[in-house]
Amino acid sequence: MSSAPEKKTNVRKIVIVAYKDKELQNPIGKSHQFFLPVNPEGYSEEYKNEYDTRAEGGQQGAEPKYMFSTPEELKLDFTLDGTNTIEGYAYPDKSVVEQFALLKKVAYDFNGDIHRPNFLKIFWGENLQFPGILSSLSINYTLFDAEGNPLRAKVSTTFKQHLSIQKRDKEARANSPDLTHIKKVAAGDRLDLMTYRIYNDSQLFMQVARANGLTSLRQIPVGQNLKFPPIDKTENS
């Protein structure tokens with residue numbers, strides 16, 4: 001089942017959609033969607049590379065060696081409200097406690113059918129489509145009625161990126177410099193920059209030019225397909 005229908009529901013609010021499969025192809029259903037009642041003013045994404053900085057053989061220092069990139073993190077902070085005074089609020093008939101319970105059901109609680117919490121996607125228009133799992137959730141109650149029932153709360157969430165093994169392998173192959181790539185020239189493209197994006201080395205552009213039989217490096221027609229083959233980086237250009 002395609003996830004496209006959920007994208008259409010996210011015209012106005014950020015929505016967290018629960019899935020029962022690692023490939024994120026089968027949403028559980030409308031009962032397992034949570035719309036942020038009030039969209040946050042912003043959100044943050046965190047990227048992190050891990051390096052080995054240990055020195056070898058009595059050396060005083062060592063050049064950091066790249067080890068791996070940690071999964072991307074998405075952080076969302078938002079408000080739950082039970083005063084029924086906010087125009088366009090997503091859950092006007094639910095208390096703060098009921099709203100938080102729905103959020104936990106979608107993103108945090110253990111799902112006995114898959115023996116773990118749900119896989120998730122977070123949608124906000126076309127700009128934010130984040131596949132992940134909830135890694136942390138906290139709530140701070142800030143307003144109460146006369147009986148002590150919470151009327152407002154601030155929620156902080158962190159989601160860790162989730163990619164299935166198949167998708168990770170596919171992306172790794174797609175970006176591998178050991179494979180032949182076909183790229184279409186777009187307006188403003190330069191051969192040296194295109195070469196850098198494939199091989200992480202712009203100095204190889206002459207080998208790419210030879211592979212494509214280019215006689216001019218300055219006037220490559222927009223729309224032309226260029227071949228970026230596996231290249232021996234030890235070859236002199």
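Let me begin with the ground rules. Residues are numbered from 1 along each chain as its sequence is written, and side-chain values use heavy atoms, with hydrogens and water left out. Since the model is predicted, local features need a pLDDT of at least 70 and side-chain atom pairs count only at pLDDT 80 or more, while totals for chains, interfaces and linings use all residues.

On confidence, pLDDT is the predictor's confidence in each residue, from 0 to 100. The average over the protein chain is 84, and 82% of the residues score at least 70. Where pLDDT is low, the predicted coordinates should not be read in detail.

Now to the sheet, which is open and is formed by 7 strands in the order β2-β1-β7-β8-β9-β4-β3, with antiparallel pairing; two strands pair if DSSP finds at least two bridges between them. Which strands stand at the edges? They are β2 (33-35) and β3 (44-52), each of which has a single partner strand, so one side of each is left without a neighbour in the sheet. From one strand to the next, the twist averages 30°, where axes are lines fitted to C-alpha atoms, for helices over the stretch in contact, and angles run from 0 to 180 degrees between N-to-C directions.

Going along the order, β1, residues 15-19, pairs with β2 in the antiparallel sense over 3 bridges, and Ile-16 stands opposite Phe-34 in β2. Next, β7 and β8 run antiparallel and are joined by 5 bridges, with Leu-120 standing opposite Gly-132 in β8. Their hairpin has 3 residues between the strands, and in it Gly-125 takes a positive phi near 60°. Between β8 and β9 there are 11 bridges, again in the antiparallel sense, and Ser-138 has Ser-156 in β9 as its bridge partner. The hairpin of β8 and β9 has 5 residues between the strands, with Gly-148 at a positive phi near 90°.

Helix α2 lies across β1, β2, β4 (65-81), β7 (119-124), β8 (128-144) and β9 (150-161), running at about 155° to β8.

Turning to helix α4, residues 191-199, which of its residues are buried? They are Leu-191, Met-194, Thr-195, Ile-198 and Tyr-199, where buried means under 20% relative accessible area, exposed over 50% and partly exposed in between, with a 1.4 Å probe and protein chains only. These residues lie on the same side of α4, because they cover an arc of only 110° around the axis, the arc being that of the directions from the helix axis to the C-beta atoms. What covers them includes β10 (181-184), α5 (205-211) and β11 (225-228). After α4 comes Asn-200, with a positive phi near 60°.

Finally, the charged pairs: the structure holds 7 salt bridges, a salt bridge being a side-chain nitrogen of Lys or Arg within 4 Å of a carboxyl oxygen of Asp or Glu. One of them joins Lys-75 and Glu-46 at 3.5 Å, N to O, and this pair links distant parts of the chain, with Lys-75 in strand β4 and Glu-46 in strand β3, 29 residues apart. Lys-75 is partly exposed at 33% relative accessibility, and Glu-46 is partly exposed at 35%. Another is the pair of Lys-160 and Glu-73, at 2.9 Å, N to O, with Lys-160 in strand β9 and Glu-73 in strand β4, 87 residues apart. Here Lys-160 is partly exposed, with a relative accessible area of 28%, whereas Glu-73 counts as buried at 17%.

Leaving aside neighbours within four places in sequence, Pro-64 is in contact with Tyr-51, Asp-52 and Thr-53, and its C-alpha atom is separated from that of Tyr-51 by 5.6 Å.

Definitions and conventions. Helix = DSSP H or I, 4+ residues; strand = E, 2+ residues; numbered from the N terminus. Contact = heavy atoms within 4.5 Å.
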